[in-house]
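Load the model and switch to a cartoon view. The stops below are given in the order in which to select them.

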Amino acid sequence: MDEVLRAATHFFANRSGVYTAFVEKQGPSHVALRGQGGEEIVIGVRDTPAGTAVSGSSYLFDQQIARFFESLPPAPVVPSAAPAELPGAVPPLLEGGSAA
């Protein structure tokens, strides 16, 4: 998680002109950056079984956040359970409307 937050700090600090943003607040799972004109960017991270989940929020920097996300390595593919294998799953309906 730390490496993603460091990458976000570096990425936004090295943007050009009006797209530059610098750390204003930082915690173990987020970094809040402040850009020109007071624009705020927040990047949050959390551990999941598949790796680190990353989210971002901003009013005006959406395209720059998307570019940051594209700069991150892709998430590994995790096989998902079939719906019937999930706890509390409802079995699929067969033709005619009856449950399997």
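Which residue in β3 is the bridge partner of Val 31? Select Ile 43, the bridge partner of Val 31. Before moving on, note that this is a predicted model, in which local features need pLDDT of at least 70 and side-chain atom pairs count only at pLDDT 80 or more, while totals for chains, interfaces and linings use all residues. Residues are numbered from 1 along each chain as its sequence is written, and side-chain values use heavy atoms, with hydrogens and water left out.

Next, select β2 (residues 30-35) and β3, which run antiparallel and are joined by 5 bridges. Strands here are DSSP runs of E with at least two residues, helices are runs of H or I with at least four, and both are numbered from the N terminus. Two strands pair if DSSP finds at least two bridges between them. Between β2 and β3 the hairpin has 4 residues, and Gly 37 in this hairpin takes a positive phi near 80°.

Follow β3 (residues 40-48) into β4: the two run antiparallel, with 8 bridges. Pick Thr 48 to find Gly 51 of β4 opposite.

Now show the whole sheet. It is open, has 4 strands in the order β1-β2-β3-β4, and its pairing is antiparallel. β1 (21-27) and β4 (51-58) are at the edges with a single partner strand each, so one side of each has no neighbour in the sheet. From one strand to the next the twist averages 20°; angles run from 0 to 180 degrees between N-to-C directions, and axes are lines fitted to C-alpha atoms, for helices over the stretch in contact.

Contact means heavy atoms within 4.5 Å.

Last, select helix α1 (residues 2-13), whose axis comes within 11 Å of that of α2 and crosses it at roughly 130°. That makes α1 oblique to α2, since angles under 35 degrees count as roughly parallel, over 145 as roughly antiparallel, 65 to 115 as roughly perpendicular and the rest as oblique. To see the contact, show side chains for Val 4, Ala 7, Ala 8, Phe 11 and Phe 12 in α1, which meet Gln 64, Ile 65, Arg 67, Phe 68 and Ser 71 in α2.
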